[in-house]
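Biologist: Hi! I'm new to reading protein models. Could you walk me through this one?
Modeller: Happy to, let's bring it up on the screen.

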Amino acid sequence: MSVPYALQERCGERPTTYPEIPHQQLDQIAPVELQEELWRRMAGLGHVRTGASVVSLPETRALHLAPEQALGPGTAFVRDSTEFAHLHGVFDGSLHLLLPERDAAEAVARGWGEFHPLVLQGRCPPTLIMVYGPRDDDELETVWELVRRSHAFASGQIL
């Protein structure tokens with residue numbers, strides 16, 4: 001069961017995104033310094049290694065959970081890997097990550113992201129979402145909390 005958390009509404013309009021693969025954010029791009037701060041935090045999560053994504057563009061930086069720590073359900077990972085989140089290149093600044101279904105739906109409903117096109121096509125579970133890049137320090141904290149919840153989901157700490 002998911003641990004409750006307070007997710008505020010995201011201010012303003014949703015950014016424009018490319019509705020197919022590669023699924024990318026096209027405007028309202030996160031400032032590079034916020035992208036780098038987010039990546040610094042992401043790379044510091046416990047039991048992760050950083051590397052290329054098993055599914056995304058070459059400039060994408062991914063988080064892979066150590067196999068012995070990957071205790072979450074299969075729906076917490078990209079394909080049959082231990083990848084649970086990735087940050088797109090600086091031209092984009094959005095992320096793909098996996099959350100418990102209820103949390104993913106709440107993040108989408110509150111304007112923080114959208115379901116991946118493969119979810120909408122019924123080819124992936126409704127745990128895979130794009131989270132829009134943070135536009136300011138307050139948004140960075142919310143996006144960081146979503147990444148931490150994705151890590152906890154992949155670790156089997158929340159279901």
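Biologist: Let's start with Arg 41. Is Arg 41 buried or exposed?
Modeller: Arg 41 is buried: this is a predicted model, and in it the relative accessible area of Arg 41 is 17%. The cut-off for buried is under 20%, so 17% puts Arg 41 in that class.

Biologist: Okay! And which helix is Arg 41 found in?
Modeller: Arg 41 sits in helix H1, which covers residues 32-43.

Biologist: What does the side chain of Arg 41 make polar contacts with?
Modeller: One partner is the side chain of Glu 37, with a polar contact of 2.9 Å. Another is the side chain of Glu 141, also given as 2.9 Å.

Biologist: Who else is in contact with Arg 41, if we skip its neighbours within four places in sequence?
Modeller: With those set aside, Arg 41 touches Leu 140, Glu 141 and Trp 144. So Glu 141 turns up both in that list and as a polar partner of Arg 41, while Arg 41 itself is buried.

Biologist: Nice. Now Glu 139, where does that one lie?
Modeller: Glu 139 belongs to helix H4, residues 137-154.

Biologist: Buried or exposed?
Modeller: Glu 139 is buried, and its relative accessible area is 6%.

Biologist: Which residues is Glu 139 in contact with, again leaving out the ones within four places in sequence?
Modeller: There are Arg 10, Trp 112, Gly 133 and Pro 134. Glu 139 also has a polar contact, side chain to side chain, with Arg 135 at 2.5 Å.

Biologist: How far is Glu 139 from Val 119 in space?
Modeller: Their C-alpha atoms are 25 Å apart, and in sequence the two residues are separated by 20 positions.

Biologist: Switching topic: what about the strands? How do E1 and E2 pair?
Modeller: Strand E1, residues 48-52, pairs with E2 in the antiparallel sense, over five bridges. One example is Ala 52, whose bridge partner in E2 is Arg 61.

Biologist: And which strand do four bridges join to E2?
Modeller: That's strand E3, residues 83-87, and E2 and E3 run antiparallel. There, Leu 63 has Ala 85 as its bridge partner in E3.

Biologist: How many residues of E2 are buried?
Modeller: Four of the five, so strand E2, residues 61-65, is mostly covered.

Biologist: Let's zoom out. How many helices and strands are there in the protein?
Modeller: The protein has four helices and six strands. Along the sequence they come in the pattern α-β-β-β-β-α-β-α-β-α.

Biologist: Why call it as compact as a globular protein of that length?
Modeller: Because its radius of gyration is 14 Å, close to the 15 Å that the globule rule gives for 159 residues. The C-alpha trace spans about 40 × 30 × 30 Å along the principal axes.

Biologist: What share of the residues is buried?
Modeller: Of the 159 residues, 51% count as buried. The accessible surface comes to about 7600 Å², and carbon and sulfur atoms account for 54% of it.

Biologist: Last one: what does the UniProt annotation cover?
Modeller: An unreviewed UniProt entry gives "domain: Luciferase" for residues 82-150. Over that stretch the chain is 39% helix and 23% strand, and its end C-alpha atoms are 12 Å apart.

How values were computed
Residues are numbered from 1 along each chain as its sequence is written. This is a predicted model: local features need pLDDT of at least 70, side-chain atom pairs count only at pLDDT 80 or more; totals for chains, interfaces and linings use all residues. Side-chain values use heavy atoms; hydrogens and water are left out. Buried means under 20% relative accessible area, exposed over 50%, partly exposed in between (1.4 Å probe, protein chains only). Helices (H or I, at least four residues) and strands (E, at least two) are DSSP runs, numbered from the N terminus. Two strands pair if DSSP finds at least two bridges between them. Contact means heavy atoms within 4.5 Å. A polar contact is a pair of N or O atoms within 3.5 Å; within protein, one must be able to donate a hydrogen and the other to accept it, and residues adjacent in sequence count only if both atoms are side-chain atoms. The radius of gyration is taken over C-alpha atoms; the globule rule is 2.2 Å times the number of residues to the power 0.38. Accessible areas come from the Shrake-Rupley method with a 1.4 Å probe; for residues, only the protein chains shown count as cover. UniProt positions are given in the numbering used here, feature names are shortened, and annotations may be inferred rather than shown by experiment.
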